[in-house]
Amino acid sequence: MNIDLTKGSIKTHFKQISIPASVGFLFNTFYNVVDSIFAGRLGTEQLAGMAISFPIFFLIISISSGLGNGTTALSAIAIGEQDKPKFHLLTKNALFLSLLFGIAIPILSPLYLPFLFGLTGASGTVLTVGIEYTTTILIGSLFFIVNNVLSGVLNAQGKTKPFRNYLIAGFLLNIILDPMFMYGWLGLPVMGVTGVALATVVIQFLGNIYLAYHVIKSNFFEMKLFKDVGIKFKAIKDILGQGIPASLNMATIALGVFIINYFVLQYGGDSTIAAYGVSMRIEQIALIPTIGLNVAVLSIIGQNFGSKNIDRIKEARKKGIYYGVIIMLIGTVIIVPLAPYLISIFNNSPDVVSAGTTYLRIEAIAFTTYIFLNINVSTLQGIKKPKFAIVLGIYRQILPFGLFFLLGTVFDMGIYGVWWGIVIVNWSAVFMSHLYTNHKLKQLELSL
C-alpha cells in the first residue's frame, strides 16, 4: 500500500517513513563495521589499504546519494501532481543515468586512480591492497547507484521498509560472504581484502533485484507506462539539476575532513587525530536516528509541493526540525557525561580519551546544528531549489581553512581553535540556511 503524503497526519507519516529508514541506516553502519573487523583480521596493512580507499569509495557514495535524492524529490513531486507519465519518465531516465555513471566510473578509473592514491602517500602492501580493493568496488558502481535510484523511487511513495529490509539482510549476508570470499571457503579461491570488496558488490547486485521487484509491485508503478516512455534530455537535465548539488555537497564533506585533519595534526598530533576520528564515529552513531527524518521531509515536502500545499510543506519542515532537535538533545545528555567512557570503547589511550572527551564536550554545543542544516537542505530539495546545498557545503567545509588558522595560530588557541571553529561555522551556517529557506518558502507561498 502506498502512502498519500498530501493527506492525513504528518506525524504519522514521519513514523511510517523515518523509523524504517533510520533502522536501515543503522544496519548499514553495522555493515561497515563488519568489513573493518574482517579486514583487521588479515592484518594492519590490509586494514590501512581499505582505509586509504575511502575518499575514492566516497566518490561512488556521493554520486549514488545525489541521484537517489534527486530521484526522490522529482518523483515525489510527480506523485503529488498525480502525473504518472512524468513519474515513469523520471524513473527510466534516472536508471539510464545510473547505467552511464556505473559504466563510466570503472572505465575511466585509470585516469583518476593513480592521482588519488598518489595523494594518500601510501606505498608497498598498503597501496597494493588499496588498489585491489578499490578496483573491485568500482566494478560494482552500477549496482550501488541503481540501488539508490530504486530506493529514491520507493521513498517518493513513502515506502522505506523495502530498503530497510535490504540493508538488514545485506548486513547478515555480509557476515557470511566476507569470510567465505576472504578465506576461500567452499572451494573458492582465497581473495583476502578483495573478497571483502567482492562480497559488497554481490550484495549490492542482489539489492538491485530485490528493490526492482518492490518498485514494480508498488501501486504507482505501471510497467506499460515505463516501457512507453523514452530517454529525454529534459528529464536527464532535471535529475542532474537536483542530483549534482546533493553530490557536490557530499563531496565537500570529504574535502572538509581533509582540512580538519590537517589542522588537527598541526595543533594536536597523532593522539588528537585518533581522538577526532573516534569522536566522529560516535557523532555519526548519534545522528543515525535523525537520518530517517531527512528522507521523510524530502518525501513529504516533494509530494506536497506537487500538490501545491504550502501549509503541509511548512508543517513538515517544522516537525522534522522539532523531532530532530529532541533526538539530538537526548543524545547530547548521554554523550557529554559519558564521553570518556565512549571514547575508551574504541581506544583506551589516556591521550586519546582526553582529547576526544574535550572535542565531544565542545562539539555538543553544535550537535543540533546538523538537524537544522539537513532539514533545510531536504526542504529546498523538495521544492526544487537544491543549489543552495553547494553554497552551504563550501561555506561549512572549505572556508573554515581561514578561520581555523585565525583562531588556532593568530589567536594562539591551538587545537581549541579548530574545535570552536567547527561550532562557529556550523551555527552561522544554520543562520544562513534558515534565512534562505524561509525566503524561498515565502516566495513559494506568494506564487501559489
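A charge is said to sit over a ring if NZ of Lys or CZ of Arg is within 6 Å of the ring centre and within 35 degrees of the ring normal. The charged end of Lys84 sits in this way over the ring of Phe220, 5.3 Å from its centre, and Lys92 lies over the face of Phe226, at 5.0 Å from the ring centre.

The model is predicted, with pLDDT of at least 70 needed for local features and 80 or more for side-chain atom pairs, while totals for chains, interfaces and linings use all residues. Residues are numbered from 1 along each chain as its sequence is written, and side-chain values use heavy atoms, leaving out hydrogens and water.

The structure holds 19 aromatic pairs, where rings of Phe, Tyr and Trp (its six-membered ring) pair if their centres lie within 6.5 Å, and planes under 30 degrees apart count as stacked, over 60 as edge-to-face and the rest as tilted. Two of these pairs are set out below.

| Pair | Centre distance | Plane angle | Class |
|---|---|---|---|
| Phe30 and Phe171 | 5.9 Å | 55° | tilted |
| Tyr276 and Trp419 | 5.9 Å | 20° | stacked |

Phe30 lies in helix 1 (residues 10–42) and Phe171 in helix 8 (residues 161–183), so this pair ties together parts 141 residues apart in sequence; helices are DSSP runs of H or I with at least four residues, numbered from the N terminus. Phe30 is partly exposed at 35% relative accessible area, whereas Phe171 is buried at 14% (buried means under 20%, exposed over 50%, partly exposed in between, with a 1.4 Å probe and protein chains only).

Terms used: Helices (H or I, at least four residues) and strands (E, at least two) are DSSP runs, numbered from the N terminus.
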